Amino acid sequence: MQIAVLGAGTMGHGIAQVSAMAGHEVVLYDIESEFVEDGLEQIEANLEDGLEHGVDRETMEATLDRLSGTADLEDACGGADLVIEAVPERMELKRDTFSDVEAIVDDDAIIATNTSSLSVTEIASVLDRPERAVGIHFFNPVHIMPIVEVVVAAQTDDDTLATAIALVEEMDKEPAVVRDFPGFASSRLGVTLGVEAMRMVEQGVASPEAIDTVMEIGYNHPMGPLKLTDVVGLDVRLDILEYLSEELGDRFRPPQILKQKVRAGETGKKSGEGFYVWEDGEAVGVSELWSDE
């Protein structure tokens, strides 16, 4: 299968990597050649790290051989059997991307979105053939997380759904089929826990470290809700909460602390500070505002 992945950021390059590792020819696209190169370099770095965790050199080289990159949308999508967009979480941008892609691909190509919370049905409504649309929501980091939500839009037909499920299984991941409802299953539950943890910090109940430790040790979560928010991106979480609060009500209203941090540019791991301070991809302390010192 020929796959085009649109967006070379954290999610996009991860999707491109696991697609190529599953044996597919993959073109990674972004609006700037620099972004594409950064994405391809990150894939190579991920695979190099994987050599210490069971990935053999032959698999690494074969994966890289199946990957290419471009800043030309027609080059990326021309001849693609499947296009997966991983552009920023803005409805109009995703709808415009779907429309642009449909003008390029063949009639039988599937067009998928990696949105974590937006309505796939609404995104797909711009298509002349919306039955070919589906949500394929990967988790971060894509090359490690074993679960993928397959989101069924109101228009998604059985063949499209079956292809999406088969693709996820080829990636050696577990497909969780969910209906197209705001937040799906993962984002709705995940941000519920995260937003309550933020409110607890606001109220002085405990430090981010204490809250995360309770969830990691007491509930066997691999990562606490505040550290996970840093990894996902505070700006991403804010966008999701604003959307869910509009769709589902006040219980998803973004906490003031989240708004303040995003306004200050403290968006988490990618900026070097969120609820934690990050260096070389590792949390090295709690953000000064919330330190007990």
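Here is a chat about the predicted model shown above, covering its domains, cores and charged residues.

Q: Before we start, is this an experimental or a predicted model?
A: This is a predicted model.

Q: Okay, what domains does the assignment give for the chain?
A: The assignment gives domain 1, residues 2–179, and domain 2, residues 185–286.

Q: And how many residues of domain 1 are in contact with domain 2?
A: On the domain 1 side there are 10 residues in contact, and they meet seven residues of domain 2. The C-alpha centres of the two domains lie 26 Å apart.

Q: What does UniProt list for residues 2–180?
A: An unreviewed UniProt entry lists that stretch as "domain: 3-hydroxyacyl-CoA dehydrogenase NAD binding". In the model, residues 2–180 are 41% helix and 22% strand.

Q: Let's go inside. How many residues are in the largest nonpolar core?
A: That core has 42 residues, and Leu6, Cys77, Val83 and Leu226 have the most contacts inside it. Helix α11, residues 234–248, gives the largest share, with seven residues. Domain 1 and domain 2 each supply at least three residues to this core.

Q: You mentioned Val83. Which residues does Val83 touch?
A: Setting aside residues up to four places away in sequence, Val83 touches Ala4, Leu6, Cys77, Val101, Val105, Ile110, Ile111 and Ala112.

Q: What about the second core, what does that include?
A: The second core is separate and has 31 residues, including Val18, Leu28, Val150 and Leu161.

Q: Switching to Ile136: where is that, and is Ile136 buried or exposed?
A: Ile136 sits in strand β6, residues 133–138. Ile136 counts as buried because its relative accessible area is 1%, under the 20% cut-off.

Q: Which residues is Ile136 in contact with?
A: Beyond its neighbours within four places in sequence, Ile136 is in contact with Ala112, Thr113, Asn114, Val148, Glu149, Ala164, Leu167 and Val168. Glu282 is 146 residues away along the chain, and the C-alpha atoms of Ile136 and Glu282 are separated by 28 Å.

Q: On to charges. How many salt bridges does the structure hold?
A: The structure holds nine salt bridges. One of them pairs Glu89 with Lys94 at 3.2 Å, N to O.

Q: Why do Glu89 and Lys94 count as buried?
A: Glu89 has a relative accessible area of 18%, and Lys94 is at 1%, so both fall under the 20% cut-off for buried.

Q: Which salt bridges involve Arg57 or Arg253?
A: Arg57 meets Glu48 in a salt bridge at 3.7 Å, N to O. Glu48 is partly exposed at 34% relative accessibility, and Arg57 is partly exposed too, at 44%. Arg253 meets Asp250 at 3.4 Å, N to O. Asp250 is exposed, at 55%, whereas Arg253 is partly exposed, at 42%.

Q: Which residues do salt bridges that share partners join into one network?
A: Glu85, Glu89 and Lys94 are joined into one network that way.

Q: Last one, Asp212. Where is it, and what is the nearest side chain of opposite charge?
A: Asp212 is in helix α9, residues 208–218. The nearest side chain of opposite charge is Lys227, 5.8 Å away. Asp212 is buried yet has no salt bridge, because a salt bridge needs a nitrogen of Lys or Arg within 4 Å of a carboxyl oxygen. Leaving out neighbours within four places in sequence, Asp212 is in contact with Gly224, Pro225, Leu226, Lys227 and Tyr276.

How values were computed
Residues numbered from 1 in each chain as written. Predicted model: local features only at pLDDT ≥ 70, side-chain atom pairs only at ≥ 80, totals over all residues. Heavy atoms only, no water. Core = buried A, V, L, I, M, F, W, Y, C linked by side-chain atoms within 4.5 Å. Buried < 20%, exposed > 50% of the residue type's maximum accessible area, 1.4 Å probe, protein only. Helix = DSSP H or I, 4+ residues; strand = E, 2+ residues; numbered from the N terminus. Domains from an automatic or database assignment. Contact = heavy atoms within 4.5 Å. Lys, Arg positive; Asp, Glu negative; His and termini not counted. UniProt positions renumbered as here; feature names shortened; annotations may be inferred.
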